[in-house]
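Okay everyone, thanks for coming. Let me put the structure up, and then we'll walk through a few spots together.

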Number of protein chains: 2
Amino acid sequence: MQNSRSKPCSCPSLKLREVASMYFTMVAAFLVILVVALQGSAPRQSDFPYKVPLDPQGLLELSWNVSYPEQTVHFQLLIRDLQFGLLFGMSDRGEFENADLAVLWSDGHNSYFGDAWSDAKGELHMDSQQDYQLLGARRAPEGLYLLFRRAFSTCDPKDYLIEDGTVHLIYGFLEKPVHSLQAINISALHGGLQRVQLLKPNISIPELPRDMKTMEITAPDVVIPSQETTYWCYMAELPEGFPKHHIIMYEPVVTAGNEALVHHMEVFQCAAEFDSFPHYNGPCDSKMKPDRLNYCRHVLAAWAMGAQAFYYPEEAGLAFGGPGSSRYLRLEIHYHNPLVFKGRRDSSGIRLYYTATLRPYDAGIMELGLVYTPVMAIPPGEDSFILTGYCTDKCTQLALPAAGIRIFASQLHTHLAGRKVVTVLVRDGRERQVVNADGHYSPHFQEIRMLKEVVAVFPGDELVTTCTYNTEDRSRATVGGFGILEEMCVNYVHYYPQTQLELCKSAVDPGYLHRYFNLVNRFNDEEICMCPQVSVPQQFYSIPWNTFNRDVLKSLYGFAPISMHCNKSSAVRFPGEWEKQPLPSITERLREPVPRCPPAPEPQPAAPVPLNLGQLRR
Amino acid sequence: MQNSRSKPCSCPSLKLREVASMYFTMVAAFLVILVVALQGSAPRQSDFPYKVPLDPQGLLELSWNVSYPEQTVHFQLLIRDLQFGLLFGMSDRGEFENADLAVLWSDGHNSYFGDAWSDAKGELHMDSQQDYQLLGARRAPEGLYLLFRRAFSTCDPKDYLIEDGTVHLIYGFLEKPVHSLQAINISALHGGLQRVQLLKPNISIPELPRDMKTMEITAPDVVIPSQETTYWCYMAELPEGFPKHHIIMYEPVVTAGNEALVHHMEVFQCAAEFDSFPHYNGPCDSKMKPDRLNYCRHVLAAWAMGAQAFYYPEEAGLAFGGPGSSRYLRLEIHYHNPLVFKGRRDSSGIRLYYTATLRPYDAGIMELGLVYTPVMAIPPGEDSFILTGYCTDKCTQLALPAAGIRIFASQLHTHLAGRKVVTVLVRDGRERQVVNADGHYSPHFQEIRMLKEVVAVFPGDELVTTCTYNTEDRSRATVGGFGILEEMCVNYVHYYPQTQLELCKSAVDPGYLHRYFNLVNRFNDEEICMCPQVSVPQQFYSIPWNTFNRDVLKSLYGFAPISMHCNKSSAVRFPGEWEKQPLPSITERLREPVPRCPPAPEPQPAAPVPLNLGQLRR
């Protein structure tokens with residue numbers, strides 16, 4: 001009886017438990033050494049390519065990087081005005097309950113760092129597995145830097161799983177000494193939330209041409225209104241006779257000091273059918289705003305907090321200028337000013353990088369998802385109701401070139417009830433690839449995201465866009481439409497080469513919806529007026545929402561044929577029969593990825609790590 | 001910067017990886033030592049209270065014990081005629097694909113033991129985490145004993161989760177040397193499956209009275225028919241004037257050598273309304289069997305392979321004898337003889353232990369679940385369709401004593417499509433406790449199971465029984481009813497004190513089902529004959545089963561009011577209004593238990609353990 005793996009060991013009399021304990025002690029010792037080692041050297045800026053202020057005053061600043069080979073995020077938190085510690089973490093939608101937290105706290109003498117979690121009541125507990133791993137702490141003139149890492153997935157059910165898409169970061173300041181984690185009263189904390197895309201794609205930057213020029217579309221030194229939310233509109237103009245160029249990159253220009261106020265910015269091109277547009281510089285919702293500005297809706301560039309420069313793939317650029325395109329641009333800036341600062345001046349905007357040496361392909365934008373129609377509705381009081389929009393094989397067969405198109409970026413869009421959005425590529429009835437997915441989607445954080453992998457779509461492929469809504473706070477049905485309290489389910493995909501297909505969306509067949517209203521009427525013995533003059537929203541509003549009527553509506557949407565919008569522009573369909581089309585049948589689903597857990601020898605002791613920071617309060 | 005947990009270590013220069021590797025080596029060494037240690041001492045019989053033959057020839061015999069504190073099963077496998085190894089394991093329903101396996105194999109010179117798994121194609125892979133832990137191997141005159149352990153839950157997604165209820169054990173013999181695990185061709189193996197309840201409840205045996213007597217109801221030396229399946233019926237008789245007694249325990253009597261053939265046995269009492277029953281000794285399905293034997297259906301005792309003695313709780317016994325009860329008993333034995341042995345003689349049966357000193361309470365049996373009616377139906381081609389039967393608060397309010405009843409055992413029952421059965425206790429709309437659950441239920445393995453915990457049910461409580469069916473092999477709807485191709489959903493619960501309530505079951509309101517047939521008719525433009533003379537089964541058989549009709553049937557069953565059977569005997573209802581009753585609304589579900597994973601320092605190296613067994617083939 002030989003064990004082929006046994007080796008001479010200098011400690012042969014150790015028992016199992018002792019070996020394990022020794023092992024953990026070694027890990028802990030290793031950690032402390034790392035902390036010491038990092039006290040001296042300042043992390044370089046380039047180590048953390050992504051940066052976002054967490055609070056509106058900019059007292060907390062998060063920088064981070066992502067290692068896909070290690071499936072780990074390294075965080076650097078700059079705390080400018082540390083008192084007795086802080087909480088930093090993640091939760092499903094930014095709530096402080098059921099959150100996964102890294103906590104730095106001081107009892108007035110000693111400071112500790114630990115991985116904790118909050119329960120449904122908001123009470124804090126030390127996590128039995130310490131997955132926020134402290135790597136260093138360093139005092140600098142601007143504040144305290146904390147450096148720590150976290151695996152995407154820890155396989156600890158108490159921990160947040162870091163996925164693609166939006167992550168709701170939360171933070172809170174400890175303003176008094178605390179003697180233990182349990183003593184922290186989360187409801188009394190001064191704190192908040194910040195949404196970011198943590199897992200930025202790891203894309204190599206394409207080579208930029210020598211003749212590249214830049215153009216800044218920026219606000220002309222506006223005074224940010226002293227109110228929480230402002231959408232500011234500013235009209236800009238391309239030079240007369242400006243020929244066709246390709247935008248190949250753009251980046252934000254944010255006025256120093258306003259990093260926490262400039263929430264997102266977009267540059268739109270106006271419609272070519274109007275020769276001129278009025279100048280305007282003011283709030284987008286002002287009565288003074290000329291109506292014609294509503295015709296400036298073609299997105300040229302979009303940026304949101306935490307995003308970096310946007311690069312087009314090297315084969316493609318976004319055309320602007322030249323005949324058939326408007327010279328007028330509209331810059332829209334969303335200022336988020338919850339502390340109601342007064343008199344702040346801002347000249348933020350977007351810097352476009354463009355070239356006259358046109359790349360091989362024009363990039364295009366295509367709209368996937370649901371048609372804006374009330375026939376697609378969500379009952380009230382649902383915590384996660386799903387609606388699905390299809391781009392069918394018949395439409396892609398007709399509209400896409402044989403060589404296919406390449407989707408390289410995506411912007412998801414819903415109104416206020418949206419909670420998740422996913423688009424999946426289906427070929428021959430089998431789900432093949434996720435185009436873009438956001439399981440923590442927020443309507444308050446809509447950015448154009450580069451895809452980690454370019455998705456090739458060929459004639460005959462199907463694109464299925466699924467939106468999940470929460471209507472728990474509503475007392476009547478939410479129908480599809482343009483209004484802020486109506487809903488949308490859209491994925492704007494950015495692709496090349498540009499095709500005529502601008503819109504590939506669906507909605508349930510209205511005749512089948514009519515049968516549903518009839519059926520509900522007969523089954524429930526209730527009078528729902530189905531007179532022809534009653535609108536679809538009115539019919540939805542009059543439904544008594546019992547479980548049967550809810551379930552059957554779901555079944556209807558999963559069964560009834562669809563009306564397809566396979567359009568060249570928003571009003572012009574490709575020729576063909578698009579009514580009462582069969583629902584794509586999907587015979588094979590993509591499997592949920594099984595999270596990779598950290599390799600076995602990485603957990604850390606379930607005890608706080610003491611830090612030698614002196615007394616925290618300076 | 002101090003680490004409070006650091007200790008002096010004699011190997012201070014070891015790096016992390018070395019410590020980890022040393023640790024694993026130590027675990028492996030420890031294992032080998034254990035194997036050696038156990039070679040000498042024979043495990044005692046009492047260490048393994050449960051025993052079952054795995055194959056019909058009895059070449060493989062499994063004994064086991066269960067440690068609830070450690071959440072672990074210890075297995076002892078006796079291999080009487082070892083050739084080049086064997087496979088033993090578990091899978092969802094006894095298939096060799098997607099199975100979790102312990103494998104002993106020999107290349108002709110050396111033998112190895114390892115934890116493996118088979119993929120969907122039946123190919124074997126070494127498991128990266130070794131959770132079948134070999135504890136010993138010992139040669140004895142009767143064969144080779146292998147001793148190994150397995151945690152209930154390993155938190156390895158490739159592993160089977162050992163839960164309450166039926167476990168499908170599989171085994172296979174290696175008849176040729178194999179050079180690696182991957183070389184094993186699972187489809188060519190000689191093997192099979194055996195169903196057992198692995199997690200037997202850990203119940204303390206009540207004290208037995210001194211005046212206890214025994215009575216054996218056994219087959220009178222029958223010749224087991226040389227066919228795979230036989231249900232044998234034998235009529236027995238209590239002595240004339242036999243007064244009321246309490247059965248307080250019973251156990252199987254299995255003829256030596258027939259352990260692998262006697263699959264299950266039941267003793268039924270006949271109906272009291274007939275003065276006498278004919279004698280009979282022969283197959284239950286024989287044309288010679290007198291019809292009157294169909295009135296012998298009241299279960300007195302039931303045993304299935306792997307089960308031990310059945311004890312009534314010390315406050316209760318099952319009444320038999322005395323006025324108002326039949327003197328006639330029917331013994332039914334299911335012989336499972338797949339190798340078609342000829343001329344085997346058998347005198348198996350059940351030994352009843354009874355007392356004239358009546359215990360405080362008579363035990364009773366109550367039937368929960370669905371009424372046997374075609375209105376409850378399962379569409380064809382469903383992989384897991386759920387039907388639910390209710391025992392409502394209104395019925396328990398009326399029929400149960402204020403002090404409640406105690407359920408101590410349960411026998412689940414469906415016909416051939418049944419795959420899972422669960423009964424849950426609901427109080428004030430909240431699920432409180434699982435009464436009995438079998439997530440791997442098989443209609444071929446129905447035994448009375450003692451509950452781990454006695455369940456108290458009070459007036460106003462609700463009992464919800466849910467059955468899951470698979471009809472993938474059927475082309476038309478399966479309706480409720482008595483036929484073998486119709487379905488049932490029943491939980492016979494054993495409880496005390498006995499009440500008048502014999503049956504507390506439900507079915508959907510027939511009027512609402514009629515509305516469903518109407519709705520399907522109108523929605524699908526199909527003609528389903530709803531003439532009054534057409535039976536409910538015929539209407540179900542004529543439905544075109546698209547996803548909408550399936551979904552809406554589910555919605556109907558989840559919404560429509562029910563007809564309650566709250567009965568004193570199968571035909572006599574308690575007084576009250578029992579039609580069109582509201583469905584119980586359940587506002588809070590029991591949480592799925594989170595499996596406890598083995599503590600961190602237990603995984604073993606992902607390499608086979610070499611065994612020194614000499615050459616296996618003797």
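So, start on the surface: A:Leu416, A:Ile484 and A:Leu485 make up a nonpolar patch, together about 290 Å² of accessible area. Areas are Shrake-Rupley with a 1.4 Å probe, and for residues only the protein chains shown count as cover.

Quick housekeeping: this is a predicted model, where local features need pLDDT of at least 70 and side-chain atom pairs 80 or more, while totals for chains, interfaces and linings use all residues. Residues are numbered from 1 along each chain as written, chains are lettered from A and ligands numbered from 1 in written order, and side-chain values use heavy atoms, without hydrogens or water.

Back to A:Ile484: buried or exposed? A:Ile484 counts as exposed because its relative accessibility is 53% (exposed is over 50%, buried under 20%, partly exposed in between).

Now hop to chain B. B:Thr166 is buried, at 0% relative accessible area. Its side chain makes polar contacts with the side chains of B:Asp438, at 2.5 Å, and B:Arg449, at 3.0 Å. A polar contact is a pair of N or O atoms within 3.5 Å; within protein, one must be able to donate a hydrogen and the other to accept it, and sequence-adjacent residues count only if both atoms are side-chain atoms.

Last, the model scores ipTM 0.72 and pTM 0.79.

Terms used
Patches are made of residues with over 30% relative accessible area and no salt bridge: like charges are joined within 9 Å, nonpolar side chains (Val, Leu, Ile, Met, Phe, Trp, Tyr) within 5 Å. A salt bridge is a side-chain nitrogen of Lys or Arg within 4 Å of a carboxyl oxygen of Asp or Glu. Buried means under 20% relative accessible area, exposed over 50%, partly exposed in between (1.4 Å probe, protein chains only).
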